[in-house]
Amino acid sequence: MQRASRDNLSKTAAASGSSSPATPQRARAKAPQGAGTEVEEGKMKRIFGFELSDLRSWHRFVCLLNRPTDPASLGVFRFLFGLLMTIDIPQERGLSSLDFQYYDELVVCRFPLFNFLQPFPLDWMYVVFVIMWLGAVGIMLGCFYRLSCLMFLIPYWYNFFLDKTAWNNHSYLYGLIGFQLSLMDANRYWSVDGLRTRRKRNAQVPLWNYTVLRTQVFIVYFLAGVKKLDADWVGGYSMGHLSRHWLFDPFKLVLTEELVNVLVVHGGGLVLDLTAGYLLFFDLTRPYALVFVSYFHCMNSQLFSIGMFPYTMLATSLIFCHTDWPRAIIRKFPQFLRLLLPLAEPPQRSSACVYPGVEPVRKAGKREGGNGGALTLRQSLGAIFTVLYLTEQFFLPYSHFITQGYNNWTNGLYGYSWDMMVHSRYHQHAKITYKDGVTGETGYLNPGVWTQSRRWKDHADMLKQYSTCLARELRKYNVSNPEIYFDIWVSINERFQQRLFDPRVDIVTAEWSPFKKTSWLMPQLVDLSPWRSKFNEIEKMLDNQTNVVFIADFPGLHLENFVSEDLGNTSIQVLKGEVAVEIVAEKKNYTLKEGGKMQLPAGDYHHVHTLSGEPSCYMYIYVNTTLVQFEENYTRFMELQEKIKNGTETEDVLPEIQMALNGSGENLNITDPLLAAFVRRQRRWEEHERRKNATLAERFVRFAQKKHQTFRRSILMTGYAIRNLLFGRPPMEQLIEELDYVDKKLYGSADAESQRTKPEDHVEL
């Protein structure tokens, strides 16, 4: 996709000393047939920045993509992207938490894209990340630019492929942008390379440099919008919880929360994604688009923990502006400040561009611009790359018919599909059963044992890798020929909880291929989706202390469940089909048909067998009596606290309770568990209110403190790792002292997130 405004083309032509190929005079010269063609081509040029005739032959198309373009906007974007990546690497890439992920003695199951990929020893992993960080710094400064791009890209994609559980759309996008920049001339403006080499200083760049970046951003927006045409998104089921966030409170002044969910969260997100790319493309609509996408990404930065993604997307918006917009801003600064800012002068010619109507001039054996003869190989390769790369980017999100093994209820390798926020999952139950292949002895494993992530539950490829790892570890505990069975229940977009994989299949020996459908994947019961409206009706009928879980199961299978003693009032009711409820302790079966209901004993196991020939649907209704009791005590403590503060309490109060409730016992060792729970909740609520009502300055200070903690830990741990490689590891006592110093909490208001970035902290867009 190409866009160059008429003003931009004129400025480019003036800077190059040649006339623009899309000026009205040239259009008239090429269109003697009549005024109609002149008007048509003039309108085409005014709207899209090029003439239709530029697409009528490969030669003219290559000339178009290599048209000289101002490097200013591209150079500023390069700087911003490099800056954001230097911040992102210690955070979301995980430099500050490498020791938690890759500790040498850690026994953990990993999920690389290719099974032969393994992490380096911990100290060398720090070296890998340092190289990546230095590459990001080099990109930001435009210093040894190609080398810096390679230093960033190779470790980045290695780290990306090393752990599929950390994949998300924006991490994939960072890698794509880094790859694109490595092939572009983004160091032609505001760069150290420009200071070192006169030929690169403020030199024009081919139009395809902008074409690729703009189209990539268009793809991110537009295909995300196409994916949101899914019925679940349009119906408001994908992100129903977002409407409860305080950011949407202004909308609730005129709309109900249900309408905010459907119209603002889902409807607004759909419209913005579908239209943002187009609105940013055209001069007339761009100012409005910049306002809306900026508001959208600023909201996302508050709604989700997604690192630098909102700020990266804000930076990409500037790519759509006129390519010389930085110069227009810099010219407004006083002359004495311009020494510290990028150049405001017009750009010089570049050998990478095609200058229409100008014969190529050879200087020192190199071609200097022009297209009077044959195009250079570099110019042709740039056009070929643009076509092939953009075609591949449009194709990949719909290539799931090839990589069928990665398809589950949602399609494909999560990352390149751009289905951001379309699917929300809630796991109710997960059970891992192992069986000794020789003795037949069975046992159970804690779900998530030997892992650092929960995402294996949703992906067949990861489940296969996890089962292989579990079998390997179980052999160390004298389990021969282990068989592994998974029973995973999940609700997607507020549907019934149902099985995702067949619990009768040994996943260790089960067949899995990237290019074949997974035979042990259970079908999603989409025919039961209309029940979601019924769910809302049932939930509205319940009081605040009663909860409900909706279950759907397949014929011939059964759910093994345990009712905790905390759930003193639990019942099961059949919504559809026929089930048999087996109470294990009583050794009795109770048959229930549609509408049937029975009470379940607390503290015991029960099995729910599906007897009907079609999937059964039932619901658990339960009251957490322990939580109800706590809420009653909480209310009592609240009333007592109010009386103590007002001085109206007449009865004797234990000193421990009085000190805890009046706030004077901050370091008090509270022995009463109910009182301790009350104090913890009060402190969390007070902290929540404090952050919610914090001033902009206070928010900035807290933000800076968290970033300081993260960067401090990254720098210290990296220094220790390099020390270990150069001089060997010190005694264990010294390592423990160093770790305690690294994890020292410097700020009382900084929370644990600043101390350690957990793999699960990120949320997918």
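**Entry 1: a serine in a loop**

I started with S417, which counts as buried because its relative accessibility is 0%. For buried I used under 20% relative accessible area, for exposed over 50%, and for partly exposed anything in between (1.4 Å probe, protein chains only). The model is predicted, so I kept local features to pLDDT of at least 70 and side-chain atom pairs to pLDDT 80 or more, while totals for chains, interfaces and linings use all residues. I count residues from 1 along each chain as its sequence is written, and side-chain values use heavy atoms, with hydrogens and water left out.

S417 sits in the loop between α17 and β5 (425-435). Helices (H or I, at least four residues) and strands (E, at least two) are DSSP runs, numbered from the N terminus. I found a polar contact of 2.7 Å between the side chains of S417 and D419. Such a contact is a pair of N or O atoms within 3.5 Å; within protein, one must be able to donate a hydrogen and the other to accept it, and residues adjacent in sequence count only if both atoms are side-chain atoms. Setting aside residues up to four places away in sequence, S417 touches N169, K227, P397 and H400. Contact here means heavy atoms within 4.5 Å.

**Entry 2: the whole chain**

Next I stepped back to the protein chain, which has 24 helices and 16 strands. Of its 765 residues, 51% are buried. I also looked at contacts between residues at least 6 apart in sequence: 72% of them join residues at least 24 apart. The accessible surface comes to about 37000 Å², and 59% of this belongs to carbon and sulfur atoms. Accessible areas are from the Shrake-Rupley method with a 1.4 Å probe; for residues, only the protein chains shown count as cover.

S73 is in helix α5 (residues 72-88). S73 is buried, at a relative accessible area of 1%. Which residues does S73 contact, leaving aside its neighbours within four places in sequence? I listed Y210, L318, I319, H322, T323, W325 and P326.

N159 belongs to helix α8 (residues 145-162). N159 counts as buried at 12% relative accessibility. Beyond residues up to four places away in sequence, N159 touches R93, Y102 and F129.

**Entry 3: checking helix lengths**

The expected span is 1.5 Å times one less than the number of residues. α9 is mostly covered, with 13 of its 15 residues buried.

Helix α20 (residues 625-646) has 22 residues and reaches 32 Å from first C-alpha to last, close to the expected 32 Å. Buried residues in α20 include V628, F630, N633 and Y634. F637, L640, Q641 and I644 are also buried there.

**Entry 4: salt bridges**

My search of the whole structure found 31 salt bridges. Each is a side-chain nitrogen of Lys or Arg within 4 Å of a carboxyl oxygen of Asp or Glu. Here are a few I looked up.

- E473 and K476 meet in a salt bridge at 3.2 Å, N to O. E473 counts as buried at 8% relative accessibility, whereas K476 is exposed at 57%.
- K516 pairs with E511, with the closest N and O atoms 3.6 Å apart. K516 is partly exposed at 49% relative accessibility, and E511 is exposed at 55%.
- E687 pairs with R691, with the closest N and O atoms 2.8 Å apart. Both lie in helix α22 (residues 673-692), four residues apart, about one turn of the helix. An α-helix has 3.6 residues a turn, so residues three or four places apart point the same way. E687 is partly exposed at 26% relative accessibility, and R691 is partly exposed at 28%.

I also found R146, D185, R188 and R378 linked in a network of salt bridges.

**Entry 5: a nonpolar patch**

Last, I looked at the surface. W58, L377, L381, I384, V387 and L388 form a nonpolar patch there, with about 600 Å² of accessible area together. Patches are made of residues with over 30% relative accessible area and no salt bridge; like charges are joined within 9 Å, nonpolar side chains (Val, Leu, Ile, Met, Phe, Trp, Tyr) within 5 Å. Which helix gives the most to the nonpolar patch? Helix α17 (residues 377-395) does, with five residues. L388 is found in α17 and is exposed, with a relative accessible area of 57%.
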